[in-house]
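Please load the model in your viewer and keep the selection tool at hand.

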Amino acid sequence: MNHQRPRILVTNDDGIHSPGLTALADAMREVGDVCIIAPDRERSAVSHSFTINHPIRAQSLGHEVYIIDGTPADCVMFGTRGFLDYPLDLVASGINRGPNLGIDTVYSGTVAAAHEGHLCNVPSFAISMDVPRDGYTYHFETGARFAKILARAILSRTMPDGAFLNVNVPNIPWEQLQGVAITRLGQRIYRDKIVRRVDPQGKEYYWIGGEAPTWVKSEGTDFHALEQDKISVTPLGQDFTQFHAIPELDRWNLSLNSE
Ligand code: MN
């Protein structure tokens, strides 16, 4: 029997308890049949890591809802490589608490989950909310509403060759949005440093902290879109090769004889 409704895997890196995951899953249920496979705890900033040194436990929390003690990439591997007994039409990752802009995309577990879906030849997107302007309110309903529009657009077309999508949503009510911008990655300026502290036992410990990052203001970037209260959609791919550097490196004449 043909399965008519698209099958959508929903995952994230904030873990099963994140309201952003629930918002995304609820939105995707209006588009197709949803399976959630999510990490059993927060796994933000684990990037594309996957688990090879210990067994992974999966637990069913109900119909088509699973948690695993693995990473976001593990979740998508489960979804695409034999844990489920049906093929997927879409991987949706998020909705992340906090944006994934510029080089954030390298560290992000949210983006890595979509990347893994892409590597498994399933159309995929990651979606993240910008930081709350009042310090605590996340307008996940805004992101969820756009996720529906995007999912339907993806499922009714062919994804551009070699691309998966990274979406960032201004953290504001839907009515205040100023549109959608197709963007490139901007440049974030991290100001992290290793902060040294002393614990109550007198031992040193460290924390990666420092000042909040800023960014290079440049039109056409994901940062710029959010600044204009527009939803940012950036096509990403898996090839890090800097093609312009190949002829330059050729001119280095690296050889086994140049010791
Ligand atoms: Mn996260």
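Select S44, which is partly exposed with a relative accessible area of 29%, and then N96, which counts as buried at 6%; buried means under 20% relative accessible area, exposed over 50% and partly exposed in between, with a 1.4 Å probe and protein chains only. This is a predicted model, in which local features need pLDDT of at least 70 and side-chain atom pairs count only at pLDDT 80 or more, while totals for chains, interfaces and linings use all residues. Residues are numbered from 1 along each chain as its sequence is written, and side-chain values use heavy atoms, leaving out hydrogens and water.

S44 lies in the loop between β2 (33-39) and β3 (58-62), and N96, 52 residues apart from it, in strand β5 (residues 90-97); strands are DSSP E runs of at least two residues and helices H or I runs of at least four, numbered from the N terminus.

Next, colour the open sheet of nine strands, whose order is β3-β4-β2-β1-β5-β6-β7-β11-β8, with mixed pairing; two strands pair if DSSP finds at least two bridges between them. The edge strands are β3 and β8 (180-182), each pairing on one side only.

Finally, select strands β7 (residues 164-169) and β11 (residues 231-236), which pair in the antiparallel sense over five bridges, and look for V167 opposite V233 in β11.
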